[in-house]
Amino acid sequence: MAMDGTTWISDDRGDQLDRVMEGLLIAMLAFMPLAFGAVEAWSELIVIALAGAMSVCFLLKPVLSGRVSLVWTWAYVPVVAFLIVVLVQLIPLPTVLVQVISPNTASRKAELLGDLPGAGEALSHMTISFYPQATRHGLRLALAIAAVFAVVLNVYRRPDQIVRLLVAIAVVGAGVAVLTAAQNLFGNNKIYWFVDSPHGVAHSGPFVNHSHYAQFTNLSIGAALGALLYLVRRGFARRRVTPEAVAEYLGSPGARPIWALLAMAVVGAGTVFLAMSRGGVISMLMAGALTTVVLSLRRPMRGSGWIMVVLALGAFSCVLYIGFDAVYDRLATLRDLSNAEGGRRQILSDIAVAWARFPILGTGLGTHEVVYPEFDRSSVPALASHAENEYAQAAEETGILGLAALLAFAAFVAVHYVRAVKGNHVPICSVAYGLGFGLVAILLHSLSDFGQHLPANAILTAVFCALLIRLSRLGTNEADGAPPEAVCVTSHSRPFWTAGLAVACAVWVWVLLGANSARVAEAHWRQVLAAERGLMEDGWQGTDEEYVHLLGHAGKAVDRQPDNVTYRHWLNVYRWHSMSRTTDPNTGLLVLPVEALEFAERIADELNRARASCPTFGATWCVLGQLERSVLGRIDEGAHHIREGVKLAPCDATARLVAGTLALEEGDVDVAFAHLDRAAALDGRLFREIAMLLTDQSDRPDLALRIAAEDIQRLNTMVSVLETSGQSTESVEQVRRKVVTLLEQRCLKSDPPAWALAWLGGIYARDGRVGEAIDFYRQALDLDYSRVDWRFNRARLLAETGALADAIREAETCLRLRPEHAAAKRLIDRLSVDPRIAGQPRAVP
């Protein structure tokens, strides 16, 4: 210990912790894109754990090594300010205070929750957030992003560290790009060849959304470009850049890393085109143009323009080789951009209305999905889970204070970018051009996408921002390669750092516990969704064992996340389904057991608890109202809840269905039709229930047919519903003829789907048109070889026509595809002893 009280300990431990943090960061950056962008709870937990470990290691450094390198930047201020805004949104504040800082929040919550039991006491305090569960989730991710930003800014002090990190990012991005190209060339429209994609295609590597992939890849291209420019700048440090010198240098063994980085950038740029993300392509091209201009304006970098030219030509060649036609067709839709954008402009207009009501602190981070529907006036039938514009959503959810913090942070980073570019007398500052490329691309793309909600993209963006700030310091205040002066930890300051470490550990324990609860709850909910599919197919007429399985997992999910309104809402919907499985065979009315009234009261109490956790979740209001009207006898109260629910959630299919049922009961047919038509558009699985409601209970099959329109599947459902309800044979036949006509029109078009061909084949077979049925089944099997049911039907039809050998051949194929197919075995046994089989050739017509 020195005389001044300074504690000096060897830097070895500090260097070891630096290496640990570098390893943790690279592991995180490699993991996130491969885990679908880290959008699921289990992957978010891993990301948060890695971010927490990095921050704890950083705070351990001054405690163990006796010194720490700290970088001050004004960019910390908006980061902390944003976190404070989110924290304030979560704190239960006195209602009097909320009325001052966000009067519409106070009045709206009082309006929505004023009828709850014990509302007076419950409304004495309230949060700014309309859905604290979602805001806590957003805060966890924001803390992880902020931690990565701070660690990168303070740990990456030397050029070799920065270049090593950029190369790692480029390698990860190139690996993901190669996977994307492989899935485009050899894929089966599944992610990793075995994970189903919600959109039915897998053009974006491990990412579900092509725009999210484009943002990640543009950032990865920026990393490769930054490392590439640094190597080029260093290679020509004392040489004049001429075409001859460039050609000579690129042909030397020392240029191999440059070729490798260029190849990574080219493959990445090519796959951005292949991902079919128009916003990604446009933002990449605009960022590339801006980077080229900046390069041309800086004298030391003027000879580097060839890099951008080679990058563009390479990406174009990649597109030509893999899939130019598809890319061209997708980009050609830019001519009809106003139509292609759908209701995005209307969404922004609606968000502006929402922001005007909650301008200072917003509605709560992560609440767009449950607050925006009340303001939704777009013609898009589905719910907009995100605003498709990061800036608008930030204003809606965090108000002017949160948006101002984010814009201030962006402004500070832009200032540091300019400083880094001006400091390009230091070779490492050449990296800034690549980092700027990536950041400009995602800033532009965020005008029409929500890719920064993915941890994989948001954390990579934070890394770029931290590196830009660090580069500006290297270019202005420090010699090339010289680290900043270390801050020694004195005996007086050590308790401060120890206390900070303890606080950080406590915060990360809270964060990790919440993230782990989300992981466990989501795992149970996956089991719930799997069980739900089977019950829905059976019209919710499941066995007791099936409902025990469903309710058990749903209950465990709610136990883990009691404030998750989606889990609690559906748990009680499932409870209601479990007790309403019995109907009177004569009237079709629900028959409830004696104890049902008490059970229904408990469900209503649970739904009220769900309302308290998120008062703007309209589906809960509607289900509660339906229960009150149909079981509990609270007619007026139930009607009020249903009407309020459909106002809160006009894009929720259940809310529309319940509101339509109420309108039918009240005799308002026009309103009922509008609600039910929208319900069917939002969730086609509800059409059978809607058709039965209109046909059986309201005797308005004409309305059901209007909703069905010319949808073949719905019209076929109508045939079944009309037959069951005892409608006239003429009405049934009229609908059936319309189905056949539509199928014939569909099958006569170019590239008819296999299901339509097989369906028409089945209809023709029933009508005795066997030859045509055989041909349609053949065409369907040409498109989908694996359909054993279609193949067996064709085999039976061939047997009817006397083509026994061909029938046996088709049945044998059925057995190869499904060895346990007993009916195919019986058909082969029967036809093999038929005397007509002798001498028949086995050529399929």
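This is a predicted model: local features need pLDDT of at least 70, side-chain atom pairs count only at pLDDT 80 or more; totals for chains, interfaces and linings use all residues.
**Entry 1. Salt bridges overall**

Side chains of opposite charge can pair when their charged atoms come close.

**Entry 2. Arginine 158 and its partners**

I looked up aspartate 160 and found its side chain in a salt bridge with that of arginine 158, at 3.1 Å from N to O.

**Entry 3. A pair within helix H20**

I turned to glutamate 522 and arginine 526, whose side chains form a salt bridge of 3.4 Å, N to O. Both residues belong to helix H20, which covers residues 494–537, and they are 4 residues apart, about one turn of the helix. An α-helix has 3.6 residues a turn, so residues three or four places apart point the same way. I noted glutamate 522 as partly exposed at 22% relative accessible area. Arginine 526 is partly exposed at 42%.

**Entry 4. A pair between a loop and a helix**

I found a salt bridge between the side chains of glutamate 666 and arginine 643, at 2.6 Å from N to O. Glutamate 666 sits in the loop between helix H26 (653–665) and helix H27 (669–682), while arginine 643 is in helix H25 (residues 635–648), so this pair ties together parts 23 residues apart in sequence. I recorded glutamate 666 as partly exposed at 44% relative accessibility. For arginine 643 the relative accessible area is 39%, again partly exposed.

**Entry 5. Helix H32**

I checked the length of helix H32, residues 754–766. At 1.5 Å a residue, its 13 residues should span 18 Å, and the end C-alpha atoms are 19 Å apart, which agrees. I then asked how many residues of H32 are buried. The number is 10 of the 13, so the helix is largely enclosed by the rest of the structure. Among the buried residues I listed Trp759, Leu760, Ile763 and Tyr764; Gly761 and Gly762 are buried as well.

**Entry 6. A negative patch**

Finally, I located a surface patch of negative charge, in which Glu537, Asp538, Glu545 and Glu546 gather. Of these, I placed glutamate 546 in helix H21, residues 544–560. Its relative accessibility is 34%, so glutamate 546 counts as partly exposed.

How values were computed:
Residues are numbered from 1 along each chain as its sequence is written. Side-chain values use heavy atoms; hydrogens and water are left out. Patches are made of residues with over 30% relative accessible area and no salt bridge: like charges are joined within 9 Å, nonpolar side chains (Val, Leu, Ile, Met, Phe, Trp, Tyr) within 5 Å. Accessible areas come from the Shrake-Rupley method with a 1.4 Å probe; for residues, only the protein chains shown count as cover. A salt bridge is a side-chain nitrogen of Lys or Arg within 4 Å of a carboxyl oxygen of Asp or Glu. Lys and Arg count as positive and Asp and Glu as negative; His and the chain ends are not counted. The place of a charge is taken as NZ of Lys, CZ of Arg, CG of Asp or CD of Glu. Helices (H or I, at least four residues) and strands (E, at least two) are DSSP runs, numbered from the N terminus. Buried means under 20% relative accessible area, exposed over 50%, partly exposed in between (1.4 Å probe, protein chains only). The expected span of a helix is 1.5 Å times one less than its number of residues.
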